[in-house]
Amino acid sequence: MAPDSAKVDSGATRQFVARVTDALGNELPGLPVTWETSNPAVLTITPDGLATGGTTGAPLVIPSSGP
């Protein structure tokens, strides 16, 4: 995932991207990525990884792919 860490000020946006790989580190292109945040009041994130800052805090951004 990039960036590894990021500060997103209230009302500002930051684009996150994820690269899906297998256990050997080989890229698996074309697989969908789902984005979640641990605290939507602090940070919201769209299905394509665009995050928008909300209130003060330190949420986790969690990408996932696969079944």
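Two strands count as paired if DSSP finds at least two bridges between them. Keep that cut-off in mind, as this is a predicted model.

Begin with the sheet. Three strands form an open sheet, in the order S1-S4-S3, with antiparallel pairing. S1 and S3 stand at the edges. Each has a single partner strand, so one side of each lacks a neighbour in the sheet. From one strand to the next, the twist averages 25°.

Now look at the contacts that S4 makes. On one flank, 3 bridges join S1 to S4, and the two run antiparallel. Thr13 stands opposite Thr52 in S4. On the other flank, 3 bridges join strand S3, residues 43-45, to S4, again antiparallel. Here Ile45 stands opposite Ala51. Thr44 has Thr52 as its bridge partner in S4. Thr52 therefore faces Thr13 and is bridged to Thr44, given that strand pairing is counted by bridges. In general, strands of a sheet pair through backbone hydrogen bonds, either parallel or antiparallel.

S3 and S4 also form a hairpin, with 4 residues between the strands. Within this hairpin, Gly49 takes a positive phi near 90°.

Next, the aromatic rings. A pair of aromatic rings is described by the distance of the centres and the angle of the planes. A search of the whole structure finds 1 aromatic pair. Phe16 and Trp35 form this pair, and the arrangement is tilted. Their centres are 6.3 Å apart, with 55° between the planes. Why does the pair tie separate parts together? Phe16 lies in the loop between strand S1 (13-15) and strand S2 (34-37), while Trp35 lies in strand S2, so the pair links parts that are 19 residues apart in sequence.

Are these two residues buried or exposed? Phe16 has a relative accessibility of 5%, so Phe16 counts as buried. Trp35 is buried as well, with a relative accessible area of 11%.

Finish with a residue ahead of the strands. Asp9 lies in the segment before S1. Asp9 is partly exposed, at 45% relative accessible area. Asp9 and Thr56 are 47 residues apart in sequence, and their C-alpha atoms are 8.3 Å apart in space.

How values were computed. Residues numbered from 1 in each chain as written. Predicted model: local features only at pLDDT ≥ 70, side-chain atom pairs only at ≥ 80, totals over all residues. Heavy atoms only, no water. Phe/Tyr/Trp six-rings, centres within 6.5 Å; stacked < 30°, edge-to-face > 60°. Buried < 20%, exposed > 50% of the residue type's maximum accessible area, 1.4 Å probe, protein only. Axes fitted to C-alpha atoms, helices over the stretch in contact; angles between N-to-C directions.
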